[in-house]
Amino acid sequence: MNRIDIKDLHFSYSEEAQVLKGINLVLDQRSTAIIGQNGAGKTTFVKLLKGLLRPSQGQIFFNEQDLKDQTVAQIAKSIGLNFQNPDDQIFKHTVLDEIIFGPLQMGMSKAEAEKAAHKAMDMLNLTGLDKVNPYDLGLSDRKMVSIAAIVAMDTQVVIFDEPTIAQDDAGKELIRKVMKSLTEEGKIVISILHDMDFVAETFERAIVFSQSHVLLDGTVKEVFGQKEALENAYLSQPTTTQLCHALGYDQVFLTPEEFVAFKQG
């Protein structure tokens, strides 16, 4: 079973401004959303997991291997990160070349890499776009290309930074299905998000970062039940949760379907 152990993690860009202070977490195969206001340390945290930054103090272990002993290239074989802005990730001139690049760097043969790339393209509704320049696509489709490029690498950990940017309901549903599929394959799926409704509908676990610390950590229902703590972190409950509370229900309902099922008994 894949597992990431974070022990007493600290990080600062300068002595005056600590971004993360004493983070202790175990990340396992429960799909996990990381939420919090801008500046709470979320993106810094996932960059530390990816090896793009190194801790000021503390350790990160993936399957009992200390990441400090691995290069960024070595870590990339286990941990994939989809950037928030696809334009920071995409650099090839065709969709297929963009998606096949990672698998080739992982050591796959060209045939294996093409197979992995086309599988990821099918998952993200990109079939038939092999020779299209990614920058001829809209932002929502470029985001799908950037996600496919990470999925095709078949890493054991897949991290998404704001995956629902520029997506309509159909796009969000597609991304949700991809995340579910990756989780079912035994991968660790982690995502930074500001969309609380998507978190409520998609993830098993939520971790709230606030003022450089972990404020809350639990099941999505447990975390979204902490209304006062969320407000202190400048976060809102999901829309359904807020509506049901306004109607006088004390229970935490995460989705309309959950509330309807309750009413139908």
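Mentor: Happy to. One definition comes before anything else: a residue is called buried when its relative accessible area is under 20%, exposed when that area is over 50%, and partly exposed in between. Please also keep in mind that this is a predicted model.

Which residues of helix 10 are buried? They are Thr240, Thr241 and Cys244. These three cover an arc of only 100 degrees around the axis, so they sit on the same side of helix 10. What do the buried residues pack against? Their partners are helix 8 and helix 11.

Now look at both ends of this helix. Helix 10 spans residues 239–246, and the loop between helix 9 (227–232) and helix 10 holds tyrosine 234. Tyrosine 234 has a positive phi, near 60 degrees, in a residue other than glycine. Is tyrosine 234 buried or exposed? Its relative accessibility is 66%, so tyrosine 234 counts as exposed. Past the other end, just after helix 10, comes glycine 248, with a positive phi of about 100 degrees.

In general, side chains of opposite charge can pair when their charged atoms come close. Here the side chains of lysine 221 and glutamate 258 form a salt bridge, at 2.3 Å from N to O. Lysine 221 belongs to helix 8 (residues 220–224) and glutamate 258 to helix 11 (residues 256–264), so this pair ties together parts that are 37 residues apart in sequence. Lysine 221 is partly exposed at 36% relative accessibility, and glutamate 258 is also partly exposed, at 25%.

The side chains of glutamate 231 and lysine 227 meet at 2.6 Å, N to O. Both residues lie in helix 9, four residues apart, which is about one turn of the helix. Glutamate 231 has a relative accessible area of 43%, so it is partly exposed; lysine 227, at 41%, is partly exposed too.

Aspartate 217 and arginine 205 make a salt bridge through their side chains, 2.9 Å from N to O. Aspartate 217 is in strand 10 (residues 213–219) and arginine 205 is in strand 9 (residues 205–210), so the pair ties together parts that are 12 residues apart in sequence. How accessible is each partner? Aspartate 217 is partly exposed, with a relative accessible area of 38%, whereas arginine 205 is buried at 3%. Across the whole structure, a search finds 12 salt bridges. Elsewhere, Asp154, Glu185 and Lys187 are linked in a salt-bridge network.

Two last places are worth a glance while you have the model open. Leu52, Val72 and Phe83 make a nonpolar surface patch of about 220 Å². Phenylalanine 83 is found in the loop between strand 6 (79–82) and helix 3 (95–105), and at 31% relative accessibility it counts as partly exposed. The other place is alanine 166, which has a positive phi of about 65 degrees although it is not a glycine. Alanine 166 sits in the loop between strand 7 (157–161) and helix 6 (169–184), and its relative accessible area of 44% makes it partly exposed.

Methods
Residues are numbered from 1 along each chain as its sequence is written. This is a predicted model: local features need pLDDT of at least 70, side-chain atom pairs count only at pLDDT 80 or more; totals for chains, interfaces and linings use all residues. Side-chain values use heavy atoms; hydrogens and water are left out. Helices (H or I, at least four residues) and strands (E, at least two) are DSSP runs, numbered from the N terminus. Buried means under 20% relative accessible area, exposed over 50%, partly exposed in between (1.4 Å probe, protein chains only). A salt bridge is a side-chain nitrogen of Lys or Arg within 4 Å of a carboxyl oxygen of Asp or Glu. The arc is that of the directions from the helix axis to the C-beta atoms. Contact means heavy atoms within 4.5 Å. Patches are made of residues with over 30% relative accessible area and no salt bridge: like charges are joined within 9 Å, nonpolar side chains (Val, Leu, Ile, Met, Phe, Trp, Tyr) within 5 Å. Accessible areas come from the Shrake-Rupley method with a 1.4 Å probe; for residues, only the protein chains shown count as cover.
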